[in-house]
Structure formats: C-alpha cells, structure tokens
Amino acid sequence: MALLEVERLTKFYGDSRALSDVTFKIKKGQFVAVIGPSGSGKTTLIRCINRLIDASDGSIRYDKEDILALKGAALRHARAKIGMIFQHYNLVYRLTVIENVLHGRLGYKSSIAGVLGMYTEEEKTKAVEVLQLLGLEDYVYRRCDQLSGGQKQRVGIARALVQDPRMILCDEPISSLDPSSAKIIMDYLRRIQKDLGITILVNLHQVDVAKRYAERILGFNAGHLVFDGPPSELNKKRIHEIYGTEAGELIID
Amino acid sequence: MTAVKRNLRTGRIIVKRPTAAKRWVNVVLLVLLALTIWGFLTIETKGTDLGKATVDTIRYFGIMFGRPAGVDTHFGVSGAGSWGVFTAALRLLLVTLALAFLTTLVGAIIALILGLLAARNLTNTRTSNIIKGFVAVIRAVPTVLWVLIFAIGAGLGAVAAVIGMSFHTVGYLLKAYSESFEELDEGVIDALRASGASWLQIVFQAVLPSSATYLLSWTFIRFEINFAVAVAMGAAAGAGGIGFNLFMAAGYFFDISEIGFITYLILAVALIMELVATQLKKRYHIHD
Amino acid sequence: MSSLLIEKTSPTAYFRKQKLTLTLFLLGMIFVSWGASVLTQFDLFDAFAAIPRVAAWMTANLLPDAKAWSRLPRILDKLWDTILMSVMASVAASVVSFVFAILGSVTTRPNGVFAFLARTIASINRNIPVAAWAMIFLLSFGQSSFTGFLALFFATFGFLTRAFMETIDEASASSVEALRAAGASYSQVIAQAVIPASLPQMMSWVLYMVETNIRSATLVGLLTGSGIGFMFSVYYKSLQYRSASLVVLSIVVVVLAIELISNAVRRVIL
C-alpha cells in the first residue's frame, strides 16, 4: 500500500519547466533519497508534496488524500501529518529549543490556542521525550541561536517528530553541516525510519551518502525522473546520466 | 528528566523562560506605551475641533491631489499661464536639487577625509573614537538649527543652507564610509605596509579603488535624503527653492491646490530617486 | 596568438579606460557643481570664509547667560512636550506600520493586491518630506502640537513600514516556511514566528525613530509654531541668541541621552 503517490507532476516557473511528468510511488516506511545536480528539480519536488509550492499539473496522493485539491483547514491538517526538515534548519532562533519543538504541534491546534502558545501537558511531555531521543535533554531551555549547526538540525528533526508524521521530507538536511555532524543527523534519520516506521524522503547532494543510507534512490536531471531503483543499481553509467558525464566522474572519484 | 523545569504548584512543564532580553523588551514596550498614552491625554490642540479638522483634512486631501494648481504670481511669473507656472516650479525644484547636490558634495569631501581617519583599520582607536564622538554631538543638533545658526553669520541663503545641511551629511557619510573602509581585507593593507607603501599610497592604491562604487552608492542615498532636507530648509529656514513656496502656500496664501501642486512635484522627484537608490542598494547589498 | 595579444594590450587599455572614466566623472561633477552654484548663488569661498567667522561668533555670543538660565524651566517644559510628541508619533506609527508591513512583506503578505496597496501607500508617505506633511496639516489643525504630531506620524509611518518589511523578511522568512510546512495557520505563523523573530529589531527601529523625531520635531515646531522649535524661533527672531543657544544645548543633551539609552537597550535585546 503506497503512502505517497505522485503522478505526472509538472511545475512551471514562467516558461521554464522545473518538473516534467514526474511519476513515482513510495511505500510506508521506506527510506528514499532524491539526488541530482543543482536546479534539477529536487527542491521543487519536495516542496510540491506539502504544497509550499503549488504544482502546475499532475496529482499527489498522500495517505489516500488528494493533496493538490486541499484548502484551508484540510490543507493544514494534511501538512501536520507530514514533517519537514530544512537545510538551514528554519528555526525561530530567538526562542528556546522546546518552544521551537512545540511549533510542530501548531497544525493540530485551534488557531487561538496556537497564537497564545497554550500547549497541553501531553504535548509538552511528548516534546521532552523527543528531545531525549535526540540527545538534547540538556538543551531544553537553551536559545536556538546558541546551538551548533548539528544541534540546530536535531531541533529541526524534533519539531518534525512531535507532529507524529507518517513521512518526513528532508530538504538537503546535511548540506550546511560538517562531516561528523552530518553523519549523526543521517544516523538519526535512519533510526527514525527503522524504529518508528516513519517514511523518509530526503534530498541529498552527496551520492555516497545516498547510497549508504537509502533503500531506494530517485535521480533527477532537468526536471525529469531519470533513475528509480535500489542503490545497488546506481552504477557509474547511471550516475553519469543523472549528473552529466563530467560531473559524474568527479562525484565518483 | 532533571533538566525539565516544572511549575512547583501545578507540576506542569514550563515552556517559557524569562530572559534579560525579554524582560527589557517588555520594560521598553511599557515605558513607550505609558508615554504615548500620557502624551495623548495632555497634548495641546489650541482648541481645535479635532473631528471637524479631520473632516477638513480629508476634504483638503481631495482638493490637493484632485485639483493641483499653482498660482502665477506666487511663482513670480505673472500672467504666464499654467505651463509658465509649471516651468517656474521646475526651476525652483532644480534649485532645491542643487542645494541638495552641493551639500552632498561638500559633506562627501569632508566625510571622506574624516572617514579615512576614523576607520579603525587605517588609524588608531583613539583618533577613531574622538572623531566618532565629535560626530555624535554634531548630529544631535537638528539640521534646521545648524542652518539658522549659520544664517546669523552668513545671512539667510545658499551659503548658510549648504553649510548647515552639511553637518548631518558628514555625520551620516562618515559612518557609512568608515564602515566600508573597515570591511576592507586586513591582509591587503598589511601586504602594502610590508612592501613599504606610505599611508597615502595605501589609501589611493588600495582603499579608495576597492570601495569606490560602495562609497558612491552611499553618497547617492544621502543625496536622496538631502533632497527632503533641502525642501524642509526652504520651508523653515528661508533657504530658497521649492520648499519656500510650499511654506508660503500653506502658511500665507492658504492655497490648498497649490500645496497639492508642489507636493506632487516633490513626490515625483523623491520617488524617482528612491527607485535609483533601491536599485543601488540591491546591487551592493546595502542596508541603511 | 590572439590570447597573447589580449594579455599584452588589455592592462594598458584597462588603465586607460579607468583613467578616462575617472576624468569624465570628475569633469561632470565640476560642471554640475558649477551649474548648481550659479543656480543657487552659492559661493564656495564665501562658505569656507563663513565657517571661522561663525565659529568665532558662536563662542562669543552663544554661551547662555543668567537670563537664559532663568528660562530653563520653560525650555524644559517645552522639551518634555517635544519628547512626548516624538514618542507618541513613533509608537502610534509603529502600530500602523506593523499592520502594513505584515500585509506588504514578501514573507507574510496574504495576497498580491494587499501587498501592492500597502507598499504604495507607505512609499507615498515616506517620500513626502516631513516639512510638507507639517504644512499640509497646518491648514486644518492650526498652530498646535497636534499638527506636529500628525506630521511626524505620517513621515514615521512611511519609514517604519519599509524598515519593518525588511526586518520581517530577514528575520523570519525561513521559520515562517517551517511553520507553514507544519500546518500552522496564518495567525499562528504571525504570533509564533514573525513576532518573536522580529520584535527586538523592530523595537530598535522605533527607538531610532524616537531619536530622529526629536530632531524632526524641532523642525516641525518651527513650521507649526509648537514645542521646542517654536521656543527657539521666538528667541532667535528676537535676537536673544544666548537663550536660543540654551535651547540648542538642551536638545543636544536630550538627543545624546536618548541615543545612549537606546544603545544600551539594543545591546540587551538584540
């Protein structure tokens, strides 16, 4: 049973096509990496799924719902069930760690309760548990601008996890991090997928990381889905098709 | 769980933590709010009926922007017709622009010299601090007062206006210039110093060429500000130009259509300059 | 071969072009300065000659005397009015500006039409000089502090709207995206991301406006016959320069004090 079904998805920016006729399905609990050169449509794809960007054509079904048809409260509710983490963490840096994590609950709350920041005891307990899971229990009341890059990204993951999502979208989650922090973040994502059964769809710049962590890889070039298969099938020739010949060689070496 | 704070009475998890920053934000908000309320309660209106005045203002706005017109005699072109009034007004606008230009030029030259002396990487901290402190005091005196003070010694007119307006221009540009100098790569200066270049050589070979476009952008932004200042000085300090006509139209002739006419002209020039300034800011990533 | 040629000729060509640009620029500046001087009857030598003369005159005639000091209570009273006026204008304008900035900023605008309207209104307000605002309101509100308040309010509103829009875009764009992605509603996004991220910077702008408005209030007061500006003009016109000078000194003290306080507050809140 597919959790996410993307069909003939197309996105235009003015005259240029960022995505053309993209079709794929993702099963519940899969770890899927999306690779491709800059400007190949990876980021557009991720943002179309939770409607941060409106697609031009095609359809997206998530958890049996037609995402592109949703409006208002229904859209909010669908977004609440999809977590998202960002390259630049996108936290409110002046707020504490726990305040940022609780933002993940806003999609489930009445507007006024969210505006006033009135969270239930259950929600707060859940936030603290998630922070413990991510090794941030000593930073609950730390302001986010005082954290390191890796810690900020873990707060980002915590915010996504308190949403109780069935899928987490990750937009280049490790591109701003040093190698050791990057490894920690990727390991957490794998644990979340294995232990909690949450589907992970992650944009990556690094082919080797994608091959190491993902069960399935989607390769994009100029808005087209040009590769869809397990890492074992991603050989030199296939990488060349995704990145163009010269770049492919550089990445392999 | 030790790191989690709980409310001692209810046992609930605490989310919001008081910080010095938050406290001060609240204190400042409260003080400003209290002063504002006090101000509204005590402001003197000299018996003006505020309701009636508001209705009048709205009506005046309609006349100003709906039927703008200048009177020939007010612009010294008796019997010249509306085109003649328009060209006379354009000439006055040009006078205001000229005052702004001269002020910017004089200010820029002085600021450039002082800016080189105030940039921390080009001079010692003490000189830098003295200049910056001096400028802070100069900037505390409103421009109109500088102009009027100089008018005592030099007479009302362009000389007093330009010198008076230059004070704030120097203050503003000095800050902008010295900061762009301070952004200059420390290594470049060291390299030149090591090769035996003199202070003047460093300035002319490294500092000025590498920050020229930046300096010009800042200068233009100040020119834009100085246009508004020049309008004000024409109105308040008899410096000449379109501002004086605005003052006469509103203060003596009570001619609403003429206020509208002049306001339109000023607005047009200001909008064009803002457009240019915005482009410059975008290109050079300037935040003022 | 051709690349060698270019390498050989381009440095000289480059320097020649640079020199030409610089020369043309300087000539242009001199020409415009000359035109501007003729138009305004400005004389550079007169100007530089005036500076030492005025400076000497200032030291001799601008020290407040006993009579001036006896007027201090009245001056301080007007000064207090001016401070209140500039705080009122800044605070009242900041409230309206906040609404306009939310409507107009790229990050938080509800739709393009509102954004366009908000930006246009703010831009027109900003580009009408404060002196013009003062003259506009003088007609219906007469010579009073309230006229001064209105003039400052409208000029401040235009400036703060732009400053706030930039602040919102810079401080909160990324977190707004994250909260939207988590399903937060519009009002939740404003309350939980935009306000906490940008309030301190906005407050810093308001403090800056309070400081600026005290100077502008002097100008507006001169034009509308109110506050400290009027006080100055009365002494100035009746040639009581030592009293006028005390007015200037008191303004300097207040502006510097407010600047010091603002800077101290900024250090804590930013």
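**Entry 1: C:Leu139**

I looked up C:Leu139 and found that this residue counts as buried because 20 C-beta neighbours lie inside 10 Å. I applied the cut-offs as follows: a residue is buried with 20 or more other C-beta atoms within 10 Å of its own, exposed with 12 or fewer, and partly exposed in between, the C-beta atoms being placed from the backbone. I note that the model is predicted: local features need pLDDT of at least 70, side-chain atom pairs count only at pLDDT 80 or more, and totals for chains, interfaces and linings use all residues. I number residues from 1 along each chain as its sequence is written, with chains lettered from A and ligands numbered from 1 in the order in which they are written.

I located C:Leu139 in helix H6 (residues 130-141) of chain C. Helices (H or I, at least four residues) and strands (E, at least two) are DSSP runs, numbered from the N terminus. Leaving aside neighbours within four places in sequence, I list B:Tyr60, B:Ala250, B:Phe254 and B:Ile256 as the contacts of C:Leu139. A contact requires the C-beta atoms of two residues, placed from the backbone, to lie within 7 Å.

**Entry 2: C:Ser172**

I next looked up C:Ser172, in helix H7 (residues 145-181) of chain C. C:Ser172 has 27 C-beta neighbours inside 10 Å and therefore counts as buried. Not counting residues up to four places away in sequence, C:Ser172 touches C:Thr107, C:Ala193, C:Val194, C:Ala197 and C:Ser198. The C-alpha atoms of C:Ser172 and C:Val189, 17 residues apart along the chain, are separated by 9.8 Å.

**Entry 3: domains of chain C**

I read the domain assignment of chain C as domain 1 (2-61) and domain 2 (66-269); such bounds come from an automatic or database domain assignment. The C-alpha centres of domain 1 and domain 2 of chain C lie 36 Å apart.

I counted ten helices and zero strands in chain B. The radius of gyration of chain B is 26 Å, whereas a compact globule of 288 residues would be near 19 Å. This radius is taken over C-alpha atoms, and the globule rule is 2.2 Å times the number of residues to the power 0.38. The C-alpha atoms of chain B fill a box of roughly 80 × 70 × 40 Å along the principal axes. Of the 288 residues of chain B, 40% count as buried.

I then examined where chain B meets chain C: the contact takes 66 residues from chain B and 62 residues from chain C. Helix H1 (residues 20-42) of chain B gives the largest share of the chain B side, twelve residues. I classed the residues of that side as 51 nonpolar, eleven polar and four charged. Here Ala, Val, Leu, Ile, Met, Phe, Trp, Tyr, Cys and Pro count as nonpolar, Asp, Glu, Lys and Arg as charged, and the others, Gly among them, as polar.

I found ten helices and ten strands in chain A. The radius of gyration of chain A is 18 Å, close to the 18 Å that the globule rule gives for 253 residues, so chain A is as compact as a globular protein of that length. Buried residues make up 45% of the 253 residues in chain A.

**Entry 4: helix H5 of chain A**

I looked up H5(A) itself, residues 121-133. What are the buried residues of H5(A)? I list A:Lys124, A:Ala127, A:Val128, A:Val130 and A:Leu131. Seen down the axis of H5(A), these buried residues fall within an arc of 160° and so line one face of the helix; the arc is that of the directions from the helix axis to the C-beta atoms. They pack against helix H3 (97-102) and helix H6 (149-161) of chain A. On the face turned away from the buried side, I found the exposed residues A:Glu121 and A:Glu122. After H5(A) comes A:Gly135, whose phi is positive, near 70°.

Note on methods:
The expected span of a helix is 1.5 Å times one less than its number of residues.
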